[in-house]
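I set out to record what I looked up in this structure. My entries follow in the order in which I made them.

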Amino acid sequence: MRSDPAHLRLVVDQLFREEAGKLTCVLARILGPRNVDMAEEVVQETLARALEAWTAQGLPERPAAWLTQAAKNRAVDLIRAKRRSVAFAPDLMDLLSSEWTLVPTMQPMFRQEEIGDDVLRMMFSCCHLALPPEAQVALILRLVCGFEVREIASLYLTSEASLEKRLTRAKARLRKAPGLAELGGASAVAGRVDPVLAALYAMFSEGYHGSGPEHPVAAVTCREALRLCGLLAEHPAASLPRTRALFALMCLNVARLPGRTTPGGDLLPLEEQDRATWDRDLIDRGMRAMAASQEGDALSAYHVEAAIAAQHCLARRAEDTDWTAVVELYDRLLELHPSPHAALARAVAVGRARGARRAGRAGRHRRDLRPVAGAHALPPRGGRRAAA
Amino acid sequence: MPDYMLLLRGTYHVERRLSPAEMEAVMGRFTQWIRELGARGQFRGGDPFRQEGRLVAFGGGPVVSDGPFLETKDAVGGYLIVAAETLDAAAALATGCPLVEAGAGVEVRPIQLMAP
């Protein structure tokens, strides 16, 4: 049973994607950004070796730990072979060159908390390269999320060859970075988090609004953006109110993904979506994150978009949606961050609100879900926020 | 700062005297001591030696024999290269080495810069 190829493939695809990303980040930290290709090679070789071994011997008890150990051993061999000719991460070079300190240095770097920090470091580094947002997102999908080139290409509806070119250019920039950005102290992180949020928002939008029928890659993209945003929201310095708002927005949208399309992949209008398919746990998480985002004075577009998603989540049926509130929220959004998409959505909401008024449903707000205090309400226009 | 070699002597002897747990603790402190040297920019490299060797000498022709005898308190178990201002400074630095505390000895030699 354990070595049944179909079962193996299923487990392996998901695991490989997530672990490939993490391992690439920690190896890039150790080998240095100049050697990001070497880091990717070690990971690819590790995965190939794993597939071979697991096909022959079945899945190990702890596959992720197996992969981590194998990658670490491979990296040690590589460092031993190349340390006289290749410069690794400058702050680690001396320690890696001595057998007294090579293994004692490598060992703790593969602990989960360290790996988590390296994932964040890679995200910050990618987002601070002078690159257009799609290039940053493609780089993150490749290096941090472990997506294959063809998967990223299909997401952007572009050819593998041109995606490959875009990645090569992006990696060339990354290679010149002085070091995988030291996360730095709380204020340093807080000061540099906006490009990361923007990239995650772009990644999420790419998956969510993908043209054409929804396909697996797009849904995975949304979930990856959600996962990475969750990492930021858990990091003490990166967890700003707007980080939590973005996380809330993603939770509240990903929760509703299952109902969004027909089995054939066509988008369903709101009224036809089966709300029983919504992920209630994820909605709860999103509402809690929204409550946690209501700190301080700064209102971001993420806050407003999260509030809009919350309005939809709070309605038990489409016709219970408080369209008047939604219109007001779109007004706020257009003030903060005008876009054709938001303008269109507002126009639709205006029409729905009008329809609701005519049908005598104006202003009624159904609270069928346990609303988190203030989750759907924003401060009055122009007024100072009160802490929730 | 010039470079100095630290030859670590009698480390196998130390290892035989200590329990595995004690040795692990000493090596942990030793590794940390090297990291601190590194943080101050004074660590230039070094490696441990495996406990075996050969002696090559000339006696009518090149002769290879087993040796040296590694059980002694002078047997070299590894080396470090450190940067220091003077020989005395390098020696003072070596007094802080956790292996010395555990009973090893260190021979401190300045690296000779050969005249051009």
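I noted that the crossing of α1(A) and α3(A) is right-handed, which means that the near helix is turned clockwise from the far one by less than a right angle. The model is predicted: local features need pLDDT of at least 70, side-chain atom pairs count only at pLDDT 80 or more, and totals for chains, interfaces and linings use all residues. Residues are numbered from 1 along each chain as its sequence is written, chains are lettered from A and ligands numbered from 1 in written order, and side-chain values use heavy atoms, without hydrogens and water.

I then looked up the axes, which are lines fitted to C-alpha atoms over the stretch in contact, with angles from 0 to 180 degrees between N-to-C directions. Those of α1 (residues 5–31) and α3 (residues 63–82) of chain A come within 11 Å and cross at roughly 30 degrees. The two helices are therefore roughly parallel, a term for angles under 35 degrees.

Next I listed the contacts (heavy atoms within 4.5 Å). Among them, A:Leu15 and A:Phe16 belong to the α1(A) side, and A:Pro63 and A:Ala64 to the α3(A) side.

I checked chain A as a whole: it has 18 helices and 0 strands, helices being DSSP runs of H or I with at least four residues and strands runs of E with at least two. Of its 388 residues, 51% are buried, that is, under 20% relative accessible area with a 1.4 Å probe, protein chains only.

Finally, I found that A:Leu200 touches A:Met123 and A:Leu232, among others, not counting residues up to four places away in sequence.

Technical notes: Angles under 35 degrees count as roughly parallel, over 145 as roughly antiparallel, 65 to 115 as roughly perpendicular and the rest as oblique. Buried means under 20% relative accessible area, exposed over 50%, partly exposed in between (1.4 Å probe, protein chains only).
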